[in-house]
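Hi everyone, thanks for coming. Let me put the structure up on the screen, and then we can walk through it together.

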Amino acid sequence: MVNAEKLSIARGQLGPKCAMCGDPMIFGEALVIDSEYYCQSCYEKITGAVSSSEPKEVAGLRMD
Ligand SMILES: [Zn+2]
């Protein structure tokens with residue numbers, strides 16, 4: 001299941017941290033690949049999937 005070190009409190013809810021950029025998320029917005037949680041932007045980088053509502057191009061990782 002979920003490793004406690006990967007959990008965070010985002011917006012008052014217990015949730016996972018993105019396995020790539022470390023951003024805190026709530027479970028409702030986390031995307032799962034191979035049992036790891038990713039935020040949407042990292043998920044799109046990994047899968048190549050592009051949200052039709054956000055046609056912008058993403059260059060590099062958001063590491064802030
Ligand atoms: Zn991420």
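Let's start at Asp34, which sits in the loop between strand 3, residues 31-33, and strand 4, residues 36-38. Please keep in mind throughout that what you see is a predicted model. Asp34 is not a glycine, and yet it has a positive phi of about 50°. Is Asp34 buried or exposed? It is exposed, because 7 other C-beta atoms lie within 10 Å of its own, and a residue counts as exposed with 12 or fewer.

Now look at Ser35, which lies in that loop between strand 3 and strand 4 as well. Ser35 is not a glycine either, and its phi is positive, at about 70°. With 9 C-beta neighbours inside 10 Å, Ser35 is therefore counted as exposed.

Let's step back for the overall layout. How many helices and strands does the protein have? There is 1 helix, and there are 4 strands. If you read along the sequence, the order is β-β-β-β-α. Of the 64 residues in the protein, 17% are buried. And if you take the contacts with a separation of 6 or more, 8% of them are between residues 24 or more positions apart.

Strand 1, residues 7-10, and strand 2, residues 13-16, run antiparallel and are joined by 4 bridges.

Ala10 has 17 other C-beta atoms within 10 Å, so it is partly exposed. Which residues does Ala10 touch, if we leave out those up to four places away in sequence? They are Gly15, Pro24, Met25 and Ile26. Asp23 is 13 residues from Ala10 in sequence, and the C-alpha atoms of the two are 9.0 Å apart in space.

The other stop is Gln13, which has its place in strand 2. Gln13 has 12 C-beta neighbours inside 10 Å, so it counts as exposed; the limit for that label is 12 or fewer. Along the chain, Gln13 and Phe27 are 14 residues apart, while 8.5 Å separates their C-alpha atoms.

One general point while we are on strands: in a regular strand, the side chains alternate between the two faces of the sheet.

Finally, let's turn to the inside. Which residues form the largest nonpolar core? It has 7 residues, and these are Cys18, Met25, Ala30, Tyr37, Tyr38, Cys39 and Cys42. Take Ala30 from that list and set aside its neighbours within four places in sequence: Ala30 is in contact with Gly15, Pro16, Met25 and Tyr37.

Note on methods. Residues numbered from 1 in each chain as written. Predicted model: local features only at pLDDT ≥ 70, side-chain atom pairs only at ≥ 80, totals over all residues. Helix = DSSP H or I, 4+ residues; strand = E, 2+ residues; numbered from the N terminus. Buried ≥ 20, exposed ≤ 12 C-beta atoms within 10 Å, placed from the backbone. Contact = placed C-beta atoms within 7 Å. Pairing = 2+ DSSP bridges. Core = buried A, V, L, I, M, F, W, Y, C linked by C-beta atoms within 7 Å.
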